[in-house]
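Let's take a walk through a protein model together. Keep the picture open while you read.

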Amino acid sequence: MLWGYLQQGQVRDLSWARRMALASGVSLLVLAAAGLLASPAQASENALAPDVAASSQPDAGDPWEGTNRRLYAVHSRIDGAALAPAARGYRAVPVPAVVKRRTNALRNLRAPASFANHLLQGNGGQAGKTAAAFALNSTFGLLGVVDVATRSGIETREEDFGQTLAVWGVPDGPFLFVPALGPTTLRDFSGRVVDGVFSPLTWAKGADTGWGRAVVGGTTAMATRESLIDSVEQIEASSIDPYVSYRSNYSLLRSSAIANGAGSVQDLPEFADMEGDDALTPDVAVASVPDPDPPLEPPTAPDPKPE
């Protein structure tokens, strides 16, 4: 709800402290709920979701699987009727440079949140690089349309508050599948509230800021969905259970992101996070594990004894 208010500009006149208090309070309440709902005393897991139809092998991180599967079904209808067709239209832009510039501008808007999260994680070096990149791209790069920082050799890494909470030791909480947003967890979903506070659009004032937020929000959604067209189609076509594939891929992606890419996985982006126009694949390459029971080699015949 807070994010909706932020998007509509209904709280833009609040002071910085009050905004942070609102965002942090909502985030902490959600996280507290995650801890309670995901605790072992879930006697009432069935009471919370009495119609949960668990799979033959229920996932401990997905106590609301039945509800999530129904939300996934709603998402699939929305995606097939509106999001996917709009994303294909977005892809139809014939000039690659135009798409790249839109991607650069959207990524630049997320830089303040990345800067704050680097600081909160104690990573001053990356925070400095992110601040320098944002300053360069917002000025010489025409509000981020041109990625001057990367051309100047400043490499940055995006961070969100969900990752920061993970670094602080906050557990994932239950898995969620949010229609039109995609797979997430209660921790990561609440982290979006705090990240929204750091968006430059949250602080913008003026008669046209509402339209500006709507345009940026719509463009972000289309750019994100466009980057996933091929991956989603392949998962939907080849997976026996697409819902489980999305859940597994999301978990692996977030684990790798929290470890700053140290994990041996190939990222499948979530619906809400765009990582640019890099090539994507729905396959997750997990590091090979030695077979604990290797096949036995047939015994060789003994050498004949000398006569």
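**A tour of the fold**

At 3% relative accessibility, Arg187 counts as buried, where buried means under 20% relative accessible area, exposed means over 50%, and partly exposed is in between (1.4 Å probe, protein chains only). A quick word on what you're looking at: this is a predicted model, in which local features need pLDDT of at least 70 and side-chain atom pairs count only at pLDDT 80 or more, while totals for chains, interfaces and linings use all residues. Residues are numbered from 1 along each chain as its sequence is written, and side-chain values use heavy atoms, with hydrogens and water left out.

Back to Arg187. Its side chain meets that of Asp172 in a salt bridge, at 2.8 Å from N to O; the term stands for a side-chain nitrogen of Lys or Arg within 4 Å of a carboxyl oxygen of Asp or Glu. The pair links distant parts of the chain, with Asp172 in the loop between H9 and S1 and Arg187 in helix H10, 15 residues apart. Those labels are DSSP runs numbered from the N terminus: helices are H or I with at least four residues, strands are E with at least two. Asp172 is partly exposed, with a relative accessible area of 38%. Helix H10 (residues 186-197) is mostly covered, with 10 of its 12 residues buried, including Leu186, Val193 and Val197.

Now zoom out. The protein has 14 helices and 2 strands, and 36% of its 307 residues count as buried. The two strands, S1 (residues 175-178) and S2 (residues 182-185), run antiparallel and are joined by 4 bridges; two strands pair if DSSP finds at least two bridges between them. Leu176, for instance, has Thr184 in S2 as its bridge partner. Between the strands of this hairpin sit 3 residues, and Ala180 takes a positive phi near 70° there. Ala180 is not a glycine, and at 45% relative accessibility Ala180 counts as partly exposed. Leu142 also has a positive phi, near 55°; you'll find Leu142 in the loop between helix H7 (124-139) and helix H8 (148-151).

What about the inside? In soluble globular proteins, nonpolar side chains tend to be buried together. Here the largest nonpolar core has 9 residues, among them Tyr72, Phe175, Phe177 and Tyr250. A nonpolar core is a set of buried Ala, Val, Leu, Ile, Met, Phe, Trp, Tyr and Cys residues joined through side-chain atoms within 4.5 Å. S1, helix H13 (229-238) and helix H14 (242-258) each supply at least two residues of this core, and the largest share, 3 residues, comes from H14. A second, separate core of 5 residues includes Leu83, Tyr90, Leu106 and Met222.

Let's finish with charges. There are 15 salt bridges in the structure. One of them joins Arg254 to Asp160, with the closest N and O atoms 3.0 Å apart. Arg254 lies in helix H14 and Asp160 in the loop between H8 and helix H9 (161-167), so this pair ties together parts that are 94 residues apart in sequence. Which is it for this pair, buried or exposed? Arg254 is buried, and so is Asp160.
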